[in-house]
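Below is a short briefing on one protein model, written for a first reading. The points are grouped by topic.

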Amino acid sequence: MSIPTQALRVLVVGCGNMGASHAIAYKTIGGFEICGIVSTGNSKVVLNERLGGGYTLYDDYTTALKATQPDAVCISTYPDTHESFAVQAFEQGCHVFMEKPIADTVEGAKRVMAAAEKAGKKLVVGYILRHHPSWEKFVEVAQGLGKPLVMRMNLNQQSHGTMWTVHRNLMKSLSPIVDCGVHYIDVMCQMTRSKPLQVNAIGARLTNDIPAGNYNYGQLQIRFEDGSVGWYEAGWGPMMSETAFFVKDVIGPDGCVSIVAKNAGSSGKSDNVDSHTKTESLRVHKAALDANDQFVETDTWIDMQDEPDHQELCNREQRYFLKAIQEDLDLTDHMQDAVNSLQIAFACDESVRTGQPVML
C-alpha cells in the first residue's frame with residue numbers, strides 16, 4: 001500500500017499523562033494532524049497550551065467525534081470508557097490507538113476486537129514495553145535460558161499527590177494487578193511462548209480511599225504448559241514500601257537475566273512514570289560450571305544508558321500506529337495478545353476475590 005501524503009487527522013481523547021504524551025508525539029513526529037482534544041475537565045486546556053494552542057477543545061467525546069470526523073482516534077481515558085469509545089470510533093470508520101487495557105471486561109475486549117475487524121480498521125493497543133529495545137532484549141535473552149523459566153516481576157508504587165489521585169480513579173474500575181499486570185503478563189507470554197494453564201492470586205485492601213470491593217495490593221502467579229512459572233506483584237498508595245519495588249528477574253536452567261535499574265530503583269521514584277520503563281542495565285548470568293563446580297563465565301552486563309525515555313517510547317508507539325495504517329499491517333495477533341493478557345489478568349482478579357485457583 002502506498003504511503004498517503006496527507007497527514008492522518010487524529011482526535012485526542014483523554015489528556016492525562018499518557019494522553020498528553022501521545023498528543024506530543026502527534027505534534028512532533030510527522031504524519032499526524034490533531035483535529036481536536038477531548039476531556040471532561042481542565043486537562044485539555046493545559047494540554048492545548050502545552051502544544052502551543054489553537055486546537056479545538058471538547059467536553060464530550062461523541063460530540064467531538066461527529067464534529068471532527070477524524071481518520072483516527074487516540075483513547076487515553078480511564079478503562080471503563082475504552083470499550084464504548086473504541087466501538088463508536090470504529091462505527092464511524094476511524095482507526096484506533098488506545099491505552100491498555102483494551103476494555104474493563106474480557107467480553108468487552110472481544111467486542112472491541114470484533115468492531116475493528118468489522119470496520120476493517122486498525123486497532124493498536126498501548127503495550128509500550130513492546131517498543132522498548134531494552135525490554136525486547138530482556139525477552140530475547142530470557143528465551144535463550146532454556147525451559148522451564150521462573151519469571152519474577154513487580155512494580156509497586158508509593159503514590160501520593162497527583163499520582164494517588166490517578167490511582168484512586170483507576171481503582172474505581174480495575175485493580176492494580178489488572179491495570180499494570182497486563183504489561184508483564186504479556187512479557188511472560190512472549191518469553192515462554194507457552195499456554196497458561198492456571199493462575200492463583202492474593203490481594204489486600206489497605207485503604208478506605210478505594211471502593212469496598214477493590215484492593216490496592218495484589219500478587220498473581222501463573223503456571224504455563226511448558227512448566228514455566230511466573231509471578232507479578234503490584235501495589236498502589238501512600239502506604240507502599242519502596243524496598244524492592246522494582247524486580248524484573250528471569251531464571252532458566254542455563255542461567256538468569258535481570259533488569260538492574262539503579263537510578264529508577266533509588267529512593268522516592270516508585271510512582272514516577274518515566275522510571276517504570278527505565279532498565280539502564282541487563283545483568284546476564286550463565287549457570288555452566290567447570291570440573292571444580294566453578295562458574296565458567298563471569299556475569300556480563302548489557303548497558304542500556306542510551307535507552308529511549310517515556311516520550312520517545314510514545315513516539316515509537318505512534319510511528320508503529322502510522323505504519324500499521326499506511327502499510328495495512330495484519331494486527332490480528334497484536335489484538336489477540338491484548339485480549340489474552342487481559343483474560344489472564346481478570347482470571348487472577350477472580351482468584352483474589354474467590355480465594356481459589358482459576359484454570360484457563
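K147 is partly exposed, because its relative accessible area is 40%. The side chain of K147 forms a salt bridge with D226, and the closest N and O atoms are 2.7 Å apart. This pair links distant parts of the chain: K147 sits in the loop between α6 and β7, D226 sits in the loop between β9 (217-224) and β10 (229-235), and 79 residues separate them. The model is a predicted one.

**Salt bridges**

- Side chains of opposite charge can pair when their charged atoms come close.
- The count of salt bridges in this model comes to 15.
- D226, the partner of K147, is partly exposed, with a relative accessible area of 26%.
- D249 and R152 form another salt bridge, with an N to O distance of 2.5 Å.
- D249 belongs to strand β11 (residues 246-252) and R152 to strand β7, so this pair ties together parts that are 97 residues apart in sequence.
- D249 counts as buried because its relative accessible area is 10%, a value under the 20% cut-off.
- R152 is partly exposed, at 31% relative accessible area.
- K137 and E140 also meet in a salt bridge, at 3.3 Å from N to O.
- K137 and E140 are 3 residues apart in helix α6 (residues 133-143), so about one helical turn separates them.
- R130, D186 and D337 are joined in a network of salt bridges.

**The largest pocket**

- The volume of the largest pocket is about 1,200 Å³.
- The pocket is lined by 46 residues, and those closest to its centre are N17, M18, S76, Y78 and V166.
- Helices that each supply at least two residues of this lining include α1 (17-28), α3 (61-68), α4 (82-91) and α7 (161-170).
- Helices α9 (181-192) and α10 (273-277) each supply at least two residues as well.
- Helix α7 gives the most to the lining, with 5 residues.
- By class, the lining of the largest pocket has 18 nonpolar, 22 polar and 6 charged residues.

**The cavity**

- The structure holds 1 cavity of 30 Å³ or more.
- The space in the largest cavity is about 30 Å³.
- Its lining is made of Y127, I128, L129, R130, H183, D186, V187 and Q190.
- R130 and D186, which are among these lining residues, also belong to the salt-bridge network with D337.
- The lining of the largest cavity divides into 4 nonpolar, 2 polar and 2 charged residues.

**A nonpolar surface patch**

- V150, V229 and I251 make a nonpolar surface patch of about 180 Å².
- V150 is in strand β7, which covers residues 150-155.
- V150 counts as partly exposed because its relative accessibility is 34%.

**A residue of strand β11**

- F246 is part of strand β11.
- F246 is buried, with a relative accessible area of 13%.
- F246 and A234 are 12 residues apart in sequence, and their C-alpha atoms are 9.9 Å apart in space.

**Backbone details**

- The peptide bond from K147 to P148 is cis, with omega near 0°.
- P148 is located in the loop between α6 and β7, and K147 is in that loop too.
- The peptide bond from K100 to P101 is cis, with omega near -10°.
- P101 lies in the loop between β5 (95-99) and α5 (106-119).
- Q69 has a positive phi, near 50°, although it is a residue other than glycine.
- Q69 is placed in the loop between α3 and β4 (72-75), and Q69 is partly exposed at 48% relative accessible area.
- A244, also a residue other than glycine, has a positive phi near 55°.
- A244 lies in the loop between β10 and β11.
- A244 counts as exposed because its relative accessibility is 51%, a value over the 50% cut-off.

Technical notes. Residues numbered from 1 in each chain as written. Predicted model: local features only at pLDDT ≥ 70, side-chain atom pairs only at ≥ 80, totals over all residues. Heavy atoms only, no water. Patch = residues over 30% accessible without salt bridge, like charges linked within 9 Å, V, L, I, M, F, W, Y side chains within 5 Å. Areas by Shrake-Rupley, 256 points an atom, 1.4 Å probe, with all protein chains shown as cover. Salt bridge = Lys/Arg side-chain N within 4 Å of Asp/Glu carboxyl O. Helix = DSSP H or I, 4+ residues; strand = E, 2+ residues; numbered from the N terminus. Buried < 20%, exposed > 50% of the residue type's maximum accessible area, 1.4 Å probe, protein only. 1 Å grid on protein atoms, 1.4 Å probe; cavity = no way out; pocket = protein on both sides within 12 Å on 5 of 7 lines; lining within 4 Å. Points joined across faces, edges and corners; volume = space filled by probe spheres on them. Nonpolar A, V, L, I, M, F, W, Y, C, P; charged D, E, K, R; others polar.
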